[in-house]
Every structure is written in structure tokens, then in C-alpha cells.
Amino acid sequence: MSLTANAIRSLHQKTAEDRLVVQLLDIKKITTNAAQSSGVDRFRAVVSDGTEFCQVMLATQWNPAIVDGTVQKNSICLIKSHIINTVQSKMLVILVNFEVVESNYPKKIGTPIIFQDNNAGAVAGPSNPPAPPSPAARNAPPSMASGPGSFGGQKQVGGPGGNVNGGQSHFGGMAAPSSGGRGVGAAGWQQQNARPGFQSNSGGGSNMPPRPTDNAPRSTAITNLTPYSNKWTICARVVTKSDIRYFTNAKGEGKFFNLVLADQSGEIRASAFGDAVDQHYDTLQPNHVYYIAPPAKVKTANKKYAGNVANDYELALEATTSITLCTDQSVVPSVKYDFKKLSALLEIEKDAQIDVIGVVKDTGDVTEIVTRAQKPIKKRELTIVDDTEFQVRLTLWGNQAESFDGSDHPIVCVKGAKVGDYGGRSLSMLSSATMQINPDISECHVLRGWWENSGGQGRDFKGYSGAGGAMGGGQSGAGGKDLKPIQEAKDGNLGFGDKPDYFTARASVAYVKTDSVAYPACHSEGCNKKVTEDTISGGWRCEKCQKDFPVPNYRYIISASIADHTGQMWVQVFNDQAEVILGCSANDLMQLRESNKARADAIMSEMLFQEFTFRVRAKMETYQDESKIRYTVMGCTPLQFPEANEQLLDMIMQYQ
């Protein structure tokens with residue numbers, strides 16, 4: 001087996017190319033207190049090019065391969081990317097990505113000696129030739145002592161007589177930094193843990209920080225930031241920026257805002273408080289690239305507020321933090337969207353954060369609501385549509401709600417919209433979400449062409465406030481794969497977990513409780529709260545909106561029994577789904593009850609034993625200390641027999 005000549009020296013040269021073939025002579029797990037407290041195993045290794053050897057760190061992405069023996073002593077590896085960190089003027093080589101050429105090579109190749117760096121962190125090379133090794137060093141086997149000082153204290157690499165290189169580690173005497181598993185697993189983080197969000201301009205999937213342009217500072221990869229280093233500069237794109245938010249606590253009033261920053265290696269959350277808000281809020285703009293350097297603190301991330309940013313650390317910006325706009329905006333990958341079609345929202349769990357793109361079909365007025373903390377906040381509701389001919393409500397908040405201009409039906413791209421189940425399915429802009437209007441991306445151009453060429457403005461769209469038309473004929477998921485008989489759904493313990501379960505059932509309406517089928521609701525868009533009758537004025541008042549109405553807007557809330565050939569279950573049916581079942585609005589039915597009760601009763605009877613395809617949510621709920629599964633109809637459509645027959649035939653064919 002041929003190893004790359006001078007590979008060890010190349011690893012220590014910052015301008016070196018990768019694609020180096022080396023041999024792993026030994027692998028040890030770090031047993032320092034800092035490494036143990038991080039909760040993630042860290043491994044160091046001795047690598048050799050057949051002539052010299054040195055110690056390196058292995059990225060945490062390789063932990064499973066080390067544990068299962070794929071990467072082991074004497075393995076031959078092709079290094080594809082590595083990182084050089086400088087800690088206290090010492091160099092730390094981290095193997096980020098490599099390919100195991102031969103896992104179980106039978107022996108050590110050559111008689112390598114220890115690579116020496118006599119210039120306290122300077123790279124050994126033609127201008128800095130290493131001093132001749134001592135006889136003990138030449139003959140010492142390349143094994144590693146395990147212990148707190150073996151990688152950066154006074155323990156030596158070598159055998160019993162290995163007092164080598166003046167009593168310091170041959171890795172320059174540095175202590176291994178504890179990064180909670182974040183500092184070394186850059187490529188692994190990108191491949192395994194990063195949410196879809198960024199694409200490399202180079203297309204190579206490298207985790208290395210951007211190469212500096214002329215006069216630009218050398219940057220550190222975001223995933224290499226740790227609380228143990230205060231000399232770093234990141235080159236990062238602002239993915240999201242929140243509004244300025246205000247708070248009051250025992251120390252008085254304050255304000256802050258949050259950011260999500262990203263480079264090729266990953267993301268990190270950043271926050272600024274007090275004077276830092278005044279200094280940096282207007283400077284940092286979404287989708288722009290900046291150089292950011294201390295004074296700023298790298299601290300352990302508060303997972304309660306981290307959202308879906310996969311980083312163990314976060315940044316605390318200060319008023320004096322150095323922030324400079326990068327003149328070459330292409331050095332950091334642009335934001336990449338993982339768009340979900342609006343027709344697929346029923347298959348996405350409540351509270352999930354997704355990327356969507358849609359044409360703004362309707363723009364609601366700005367309204368003001370009072371939060372649970374008794375603070376007023378502005379909101380605006382948009383109706384967006386896409387080429388699946390579905391529509392969904394998207395809620396904007398705060399300044400974004402006030403400043404949004406929905407004229408000319410713009411296309412909005414939202415990254416990190418929160419999925420809600422109000423009215424079937426809805427979307428909401430979180431403070432961590434970001435929205436671009438008419439961005440210059442291919443998906444936007446395709447959607448604009450569809451809207452203009454198909455006469456989208458005058459079309460009728462299906463919606464989740466209109467009974468979940470995504471299920472037409474019972475299609476839920478891929479070809480009705482979660483179609484279940486009622487008894488199977490009940491016996492399958494659906495809804496017992498922390499999150500609700502969803503399934504599809506084909507069933508008939510067997511019985512409806514007719515004593516209370518609707519309630520008087522508020523007319524305000526998006527409110528739907530119950531209104532109370534004012535016996536003095538004869539009007540109806542909504543306490544939430546603080547508005548009076550001459551008549552209420554009745555909305556269905558029905559308790560019904562649905563049944564198939566295996567059993568029955570009680571379900572709760574809300575307004576939009578009940579309108580599909582009954583064929584009329586709650587207002588019409590309540591008027592009929594006053595003017596023609598016999599006709600109203602007939603409408604209630606006509607729906608019995610009609611067959612529908614129901615999309616049902618099963619969720620454990622507790623009321624008066626009693627827990628039970630509540631089944632709620634999230635969508636329904638009249639059963640389409642041709643499509644249902646085709647699905648049944650497909651299922652039969654799968655058994656043959």
C-alpha cells in the first residue's frame with residue numbers, strides 16, 4: 001500500500017491540498033474531564049505517511065465508525081478535508097472528512113518518526129526544517145498515553161523512554177478544546193444533523209470556512225466556535241433576524257433581538273441586548289454576509305430558545321462587537337429552501353417548521369390582539385396559494401404585519417413557517433422565520449408563470465378551511481397508506497404519544513347529537529370566539545374583540561358517531577367539515593330551526609348513513625383528571641367510489 005509522501009508535513013500547512021493517503025497507527029478516546037462533561041465522545045489518533053507521524057483529532061461524525069471497527073488501528077485512509085485550528089499559538093489538526101481505503105490493514109507501513117515543530121506553532125517546512133529526532137524518539141512506538149495531559153499537558157507521545165521534544169507534547173503542547181462535540185464534527189454535522197437550508201457555491205460539500213479574498217480576514221467555521229477561544233472571526237450570512245422585542249424584569253426594562261447566522265459548516269443563533277441592539281440592529285440585514293469578531297461571547301445554547309438551530313453554542317453580541325459587511329457576498333452559500341406543497345400540509349405534524357412558497361391571493365387588514373401577557377400586538381392574515389390549487393392562511397405579526405404590501409399578488413417565500421391545526425391547517429410566521437418577497441429563484445419564476453397563465457386570480461381553490469380536499473376519495477399520504485378500519489385505529493393506541501396521530505377512515509355517519517350543533521360566534525375574521533347576547537340592546541358582544549354585532553355568526557360544533565364494518569367511534573366535527581357533511585351553513589340551519597323546524601330536522605336526518613372519507617386526528621386529552629383519546633375530524637370528502645375501488649385493487653395486488 002502506497003502512502004502519500006510528506007503527507008504529515010502537508011497536513012500542517014494551511015495552504016495544503018487534501019487527498020492525502022495516510023495510515024492510522026493508533027486511536028484513543030479522550031478521557032479529560034472537559035471531554036467527559038461534554039457528553040460526546042472525542043477521539044484522537046496517530047496518523048503516519050510511512051516516514052513521519054503526528055497526533056490529530058477526528059471529527060465526531062466518525063464516532064460510530066470507530067465504535068463498530070470500520071475505523072481502527074492500521075486503517076488506510078484518504079483524507080478529503082481537514083481543518084487547522086490555532087489555540088494559544090499552537091496548531092491543532094482536525095480530520096473532518098476522509099474515506100477508509102482499507103479498514104483492517106495487517107501491519108504498520110514503514111518506520112515513521114515523530115513529526116517535530118520547533119517553532120511553537122509555526123509549520124515545519126523547507127524554511128523551518130525540524131531538528132533531528134533523538135534516538136529514543138526514533139525507536140519509540142507511536143502509541144498514545146491516555147490521560148488528562150496526554151494530548152496537551154506533559155505526558156509524551158512515545159514509549160517508556162519517550163521524553164521527546166523537550167518534555168512537551170509533539171502536538172505543540174496544546175490542550176484539546178472541549179466543544180461539546182461541535183468543534184470537530186463539521187462535515188458530519190452538515191451531512192447528518194443540519195436541517196436543509198444551505199447550498200455550497202462550490203458544489204463540493206466542503207465544510208472549510210470561506211477562503212479569504214484580498215485583505216479579508218481568515219475566517220473560522222461556525223462549527224469550530226467554542227467558549228474556550230476568544231480569537232476568531234466568522235464569515236456568515238444572516239439567515240433570519242427577529243424584530244426588536246421588549247421585556248421587563250426585576251432589573252428594569254430591556255430590549256433584544258435574535259439572529260440565525262450560517263456558513264458552509266452550519267448555523268448558530270446569536271442575540272443582542274441593550275446597547276448592542278442600538279449598535280447592530282440596522283447594520284445586520286437578512287441574506288447579507290458579514291465578518292463578525294470579538295468582543296462577543298460564545299456560550300452554551302439555551303435549547304428552550306434555540307428553535308431548530310442545531311448547535312450546542314450560541315453567540316452573545318456586544319455593543320463593541322466587530323461587524324463588517326463582506327464585499328464578496330458569494331463566499332457564503334445562499335439560503336436554500338426545502339419547499340413543501342400546500343396540498344401536503346395535512347401530512348405534516350402540528351408545530352413543525354417548514355419552508356413554503358405561494359402567491360398572495362388575498363391580503364387581510366391589520367388587526368390588533370392582546371397576548372396572554374396582556375400586551376397588544378399587530379397581526380395580518382394572508383391567503384396564499386400554489387400550483388397544487390390549494391390555499392392556506394399565513395399569519396404575519398408585529399412590524400412585518402404592518403409593513404407588508406400585498407398589492408399585485410406578490411410571491412412570498414417563507415423559511416421556518418410554523419404549521420398550526422387551526423381550521424384544519426394554517427401557517428404562522430415565528431420570530432425566527434424569514435420571508436422574501438418575489439425572490440430571484442427558479443421556483444418563484446415557475447409559480448409566477450402558473451399564476452399569470454392559468455388565470456389564478458379567478459380560480460376556485462381548495463383549502464383546509466374547506467374540509468381538507470387533499471384527501472379526495474380517501475387519498476391520504478401516499479396512496480392512502482394510512483387508511484385504517486375504525487377498530488384497527490382504536491386498537492392501535494393511536495394518540496397515546498406526546499404528539500397526535502393521524503389516520504384516514506372510510507365510514508358512514510351513524511348518529512349525531514342534535515341538542516347542540518352550533519354556537520353563536522364572532523364575525524371578526526380569525527376570531528370565532530363565542531359571543532353573548534346583550535338582553536338590553538338585543539345585540540351580541542365579543543369580549544375578545546370588544547365588538548358588538550346585531551346578529552351572531554353561527555358555527556358548527558358537532559358530536560357524531562361514525563361507523564364502518566369493524567366498529568364505531570365518536571368524533572368531534574367542526575364548522576368547515578360539518579358544512580361538507582350537512583351541505584349547508586350553520587347560519588342557514590339555525591334560521592331553518594326558527595322558521596321550519598321540520599325541514600331542519602330533515603337535513604340532519606339526510607346525512608345519516610352517507611359515506612365519507614374522514615381524516616381523523618387522535619390525541620390524548622385530560623379533563624377533570626380523566627384522560628381519554630379524543631378523535632377530531634380534520635377533513636372529510638364524500639366517498640369517491642371509482643378512486644376508492646382503484647385503491648382497494650392496488651391493495652389486493654400487493655397480497656398476491
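A charge sits over a ring if NZ of Lys or CZ of Arg is within 6 Å of the ring centre and within 35 degrees of the ring normal. In this predicted model, Lys241 and Tyr281 form such an arrangement. The charged end of Lys241 lies 3.9 Å from the centre of the Tyr281 ring. A further case involves Lys513 and Trp570. Here Lys513 is placed over the face of Trp570, and the distance to the ring centre is 5.1 Å.

Trp450 is buried, at 15% relative accessibility. Trp451 is buried too, at 7%. The rings of Phe612 and Phe614 have a centre-to-centre distance of 5.8 Å. Their planes stand at 50°, so this pair is likewise tilted. Phe612 and Phe614 are both buried. Elsewhere, ring pairs connect Phe247, Phe256 and Phe273 into a cluster.

Cysteines were considered next. The model contains zero disulfides. The cut-off for a disulfide is 2.5 Å between the sulfur atoms. Cys326 is buried, with a relative accessibility of 3%. Cys54 is also buried, and its relative accessible area is 4%.

Among contacts with a separation of 6 or more, 64% join residues 24 or more positions apart.

Helix α11 spans residues 586-595, and helix α12 spans residues 597-606. Their axes are 6 Å apart and cross at an angle of about 135°. The two helices are therefore oblique to each other, since angles over 145 degrees would be needed for a roughly antiparallel pair. On the α11 side, the contact is made by Leu589, Leu592, Arg593 and Ser595. On the α12 side, the contributors are Lys597, Arg599, Ala600, Ile603 and Met604.

Backbone geometry was then inspected. Most residues other than glycine have a negative phi, and most peptide bonds are trans. The peptide bond from Pro294 to Pro295 is cis, and its omega is near 15°. Pro295 belongs to the loop between β11 (289-293) and β12 (296-300). His409 is not a glycine, yet its phi is positive, at about 50°. This residue occupies the loop between α7 (398-403) and β19 (411-420). Is His409 buried or exposed? His409 counts as buried, because its relative accessibility is 17% and the limit is 20%. Asn493 also has a positive phi, near 60°, and is a residue other than glycine. Asn493 is located in the loop between α9 (486-491) and β22 (501-512).

Methods
Residues are numbered from 1 along each chain as its sequence is written. This is a predicted model: local features need pLDDT of at least 70, side-chain atom pairs count only at pLDDT 80 or more; totals for chains, interfaces and linings use all residues. Side-chain values use heavy atoms; hydrogens and water are left out. Buried means under 20% relative accessible area, exposed over 50%, partly exposed in between (1.4 Å probe, protein chains only). Rings of Phe, Tyr and Trp (its six-membered ring) pair if their centres lie within 6.5 Å; planes under 30 degrees apart count as stacked, over 60 as edge-to-face and the rest as tilted. Axes are lines fitted to C-alpha atoms, for helices over the stretch in contact, and angles run from 0 to 180 degrees between N-to-C directions. Helices (H or I, at least four residues) and strands (E, at least two) are DSSP runs, numbered from the N terminus. Angles under 35 degrees count as roughly parallel, over 145 as roughly antiparallel, 65 to 115 as roughly perpendicular and the rest as oblique. Contact means heavy atoms within 4.5 Å.
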